[in-house]
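Visitor: I'd like to learn how to read a fold and a few of its side chains. Could you walk me through one?

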Amino acid sequence: YQPELDKDRFDDLYALARRPFLIGEFSAGARDRGMLGVAFVVGDSQEERGALYKQYVTSALRLPYFVGCHWFEYLDEAFLGRHDGHESFNTGFVDVCDNLYPELAEAAHDRNWSLYETLLGE
């Protein structure tokens, strides 16, 4: 969990593996509303959370050996966390009442709508 992919690290890994990469999960939380826990990458607002989404996806698009990255997760985690009491995180596109975080959704829409332009260097 980082704000963006470390190009040098993945260049080295790709030189060894010679296989494409897929990020299984990434996310960012925010402190302004939602769950109290904010995961590992944190913004001060939902707007900043959207910017972090764009930054991460853009960093993956700029590395030709990446085939994708997956946001964790659609729904915020439960207030009391998992079965072990951990991870009551603000990481969803929607909160626990199924209310959309519009700032994150708009950022994802904007970034994903133009991903081919980024891939093609336009």
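Guide: Helices (H or I, at least four residues) and strands (E, at least two) are DSSP runs, numbered from the N terminus.

Visitor: What should I know about the model before looking at side chains?

Guide: It's a predicted model: local features need pLDDT of at least 70, side-chain atom pairs count only at pLDDT 80 or more, and totals for chains, interfaces and linings use all residues. Residues are numbered from 1 along each chain as its sequence is written, and side-chain values use heavy atoms, with hydrogens and water left out.

Visitor: Is D95 buried or exposed, and which side chain of opposite charge is nearest?

Guide: Buried means under 20% relative accessible area, exposed over 50%, partly exposed in between (1.4 Å probe, protein chains only). For charge, Lys and Arg count as positive and Asp and Glu as negative, while His and the chain ends are not counted. A salt bridge needs a side-chain nitrogen of Lys or Arg within 4 Å of a carboxyl oxygen of Asp or Glu. D95 is buried but has no salt bridge, and the nearest side chain of opposite charge, R33, is 6.8 Å away.

Visitor: Where does D95 sit, and what does its side chain reach?

Guide: D95 lies in the loop between β4 (66–71) and α3 (102–113). Its side chain reaches the backbone nitrogen of N99 at 2.9 Å. Beyond its neighbours within four places in sequence, D95 is in contact (heavy atoms within 4.5 Å) with L75, D76 and Y101.

Visitor: Which backbone nitrogen does the side chain of D32 reach?

Guide: That of Q46, at 3.1 Å. D32 is in the loop between β2 (29–30) and β3 (42–43), and at 36% relative accessibility it counts as partly exposed. D32 and Q46 are 14 residues apart in sequence, yet 6.9 Å apart in space, C-alpha to C-alpha.

Visitor: And what happens at the start of helix α1?

Guide: There, at the start of α1 (residues 7–17), a side-chain oxygen of D6 comes to within 3.2 Å of the backbone nitrogen of D8. After α1 comes R18, with a positive phi near 55°.

Note on methods: Polar contact = N/O pair within 3.5 Å; in protein donor to acceptor, adjacent residues only side chain to side chain.
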